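Let's take a friendly walk through a protein model, one region at a time. Keep the picture open beside you as you read.

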Amino acid sequence: MKSRAAVAFAAGKPLELVEIDVEGPRTGEVLVRIVATSVCHTDAYTLSGSDPEGVFPAVLGHEGAGIVEAVGEGVTSLKVGDHVIPLYTAECGKCKFCLSGKTNLCGSVRATQGKGLMPDGTTRFSFEGKPLFHYMGTSTFSEYTVLPEVSLAKVSKEAPLDKICLLGCGVTTGIGAVINTAKVTPGSTVAVFGLGAIGLAVIQGAQMMNAARIIAIDVNPDKFELARQFGATDFVNPKDHSAPIQQVIVDMTDGGVDYSFECIGNVNVMRSALECCHKGWGESIIIGVAGAGQEIATRPFQLVTGRVWKGSAFGGVKGRSQLPGYVERYMKGEIKIDEFITHDMPFDQINHAFDLLHEGKSIRTVLHY
Ligand code: NAD
Ligand code: AHE
Ligand code: ZN
């Protein structure tokens with residue numbers, strides 16, 4: 001079938017709006033009509049060429065929501081008409097990872113997903129007869145996309161797809177990192193570095209966990225007002241200080257924070273986030289994605305003296321079993337999503353959505369097909 005899509009033909013170039021060919025679902029696969037998708041910084045990161053797994057030409061996009069259009073042979077858990085959120089972290093329920101009870105990472109499709117291919121090693125997308133790669137197992141920048149069954153969470157039909165698409169990445173990642181990865185305790189002091197959708201969702205999660213003090217840190221002061229609305233109590237612009245930012249935070253908090261979250265993808269800030277943690281127990285969670293070749297550094301003494309460094313992917317959330325609950329909580333007003341959506345536009349304005357993100361003018365832009 002034909003599908004409208006925004007194709008990344010090469011790193012560092014704008015997406016091109018074209019009509020691509022999409023092959024039907026094979027065994028264990030599902031064809032989905034994406035109704036809405038948003039743009040996450042990780043899409044921009046891969047498009048920039050910094051992602052070691054970035055392959056081109058590809059159909060990017062991983063924060064979407066849609067409706068099942070067709071199912072391949074052997075698909076039992078989904079049927080035509082079901083509402084779904086694509087998952088870049090699959091959940092097969094059977095692999096060593098899924099059975100470990102220790103992680104949300106799933107091994108079932110990850111190897112081929114990282115190569116831009118379906119689990120059988122081939123692609124369902126092509127343009128002018130030449131193959132296009134998939135991305136993160138989701139490729140939501142095509143109106144019709146094919147995913148493995150294990151990469152789809154079935155959600156309530158009552159929920160608006162143009163809002164819950166944000167649960168495909170940003171909102172879930174931030175809230176989940178607080179609840180599942182850090183397990184923030186009531187009364188804690190929390191520092192959040194970077195106030196895009198991820199950082200704001202961390203603030204929302206910290207407020208849900210009754211943190212006493214939430215310090216919002218960004219070099220763009222325009223982000224502070226929304227951070228305040230999500231529950232931040234203190235606001236720090238590193239540009240206003242000559243001292244290293246970790247020292248500023250340590251001085252503000254009688255020795256450091258209980259938890260910090262890096263939501264930028266900057267390895268220098270990751271160090272600051274660790275070093276602003278309290279001696280003996282402070283934990284720092286890396287959420288930001290750093291470019292190829294980048295490495296983190298600190299004095300080992302920081303860890304010897306009790307600080308803990310952790311990372312979080314998709315907020316530690318198991319998509320198929322737990323995302324429907326996030327949708328329900330949004331419907332009950334317990335999780336905010338609408339407040340992240342600063343812009344709404346037709347899908348063909350997708351390059352503008354990338355520009356707004358780069359310029360620091362948007363939190364999330366929802367694109368409608
Ligand atoms: P974003 O671009 O909307 O937000 C980043 C924010 O960081 C901006 O407000 C920017 O002003 C701020 N910033 C930049 N440099 C800074 C600095 N030196 N000090 C303080 N603030 C600074 O991005 P986003 O969509 O919120 O994504 C944030 C990061 O999280 C990205 O690296 C993205 O790839 C990553 N991410 C990771 C996961 C995961 O599962 N681990 C999921 C989603 C996104
Ligand atoms: N491809 C990159 C790594 C990218 C990465 O870390 N992705 C995050 C999700 S970002 C969503 O916006 C993640 O969940 N990683 C776990 C996984 O299995 O990919 C690289 O460095 O190769
Ligand atoms: Zn993302």
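## An exposed turn to start with

Begin at Glu-128, which counts as exposed because it has 7 C-beta neighbours inside 10 Å. Glu-128 lies in the loop between β6 (125–127) and β7 (130–132). Helices (H or I, at least four residues) and strands (E, at least two) are DSSP runs, numbered from the N terminus.

This is a predicted model, so local features need pLDDT of at least 70 and side-chain atom pairs count only at pLDDT 80 or more, while totals for chains, interfaces and linings use all residues. Residues are numbered from 1 along each chain as its sequence is written, and chains are lettered from A and ligands numbered from 1 in the order in which they are written.

Most residues other than glycine have a negative phi, and most peptide bonds are trans. Glu-128 has a positive phi of about 50° although it is not a glycine. Lys-183, in the loop between α5 and β10, also has a positive phi, near 55°. With 11 C-beta neighbours inside 10 Å, Lys-183 counts as exposed.

Which peptide bond is cis? The one from Phe-56 to Pro-57, with omega near -5°. You can find Pro-57 in the loop between α1 and β4 (63–71).

## Two domains

The chain is divided into domain 1 (2–168 + 337–368) and domain 2 (173–313), with bounds that come from an automatic or database domain assignment. Their centres, taken over C-alpha atoms, are separated by 28 Å. Where they meet, domain 1 provides 13 residues and domain 2 provides twelve residues; two residues are in contact if their C-beta atoms, placed from the backbone, lie within 7 Å. On the domain 1 side, helix α1 (residues 41–48) gives the most, with three residues.

UniProt has its own labels, with positions in the numbering used here, shortened feature names, and annotations that may be inferred rather than shown by experiment. Its unreviewed entry lists "domain: Alcohol dehydrogenase-like N-terminal" for residues 27–156, a span that is 13% helix and 29% strand in this model. The annotation "domain: Alcohol dehydrogenase-like C-terminal" in the unreviewed entry covers residues 197–327, and that span is 38% helix and 15% strand.

## The nonpolar core

A nonpolar core is a set of buried Ala, Val, Leu, Ile, Met, Phe, Trp, Tyr and Cys residues joined through C-beta atoms within 7 Å. The largest one has 110 residues, and Val-192 and Val-202 are among those with the most contacts inside it. Helix α6 (residues 197–208) gives the most to this core, with seven residues. Both domain 1 and domain 2 supply at least three residues each.

Val-192 touches several residues beyond four places away in sequence, including Val-202, Ile-214 and Phe-261.

Is Ser-260 buried or exposed? Ser-260 is buried, because 32 other C-beta atoms lie within 10 Å. This residue is found in strand β13 (residues 259–262). Ser-260 and Val-202 are 58 residues apart in sequence, yet 9.8 Å apart in space, C-alpha to C-alpha. Among the residues that Ser-260 touches are Ala-191 and Ala-273.

Ala-273 is also one of the buried residues of α9. Seven of the nine residues of helix α9 (residues 267–275) are buried, so the helix is largely enclosed by the rest of the structure. Its cover includes β10 (189–193), β13 and β14 (283–286).

## Around the ligands

Ligand 1 is surrounded by 33 residues, and the closest include His-41 and Gly-194; a residue is near a molecule if its C-beta atom, placed from the backbone, lies within 6 Å of it. This shell draws at least three residues from each of domain 1 and domain 2. By class, the shell has 18 nonpolar, 13 polar and two charged residues. In this count Ala, Val, Leu, Ile, Met, Phe, Trp, Tyr, Cys and Pro are nonpolar, Asp, Glu, Lys and Arg are charged, and the others, Gly among them, are polar.

The residues surrounding ligand 2 include Cys-40, Asp-51, Glu-53 and Cys-169. Its shell divides into seven nonpolar, two polar and three charged residues.

Note on methods
A residue is buried if 20 or more other C-beta atoms lie within 10 Å of its own, exposed if 12 or fewer, and partly exposed in between; C-beta atoms are placed from the backbone.
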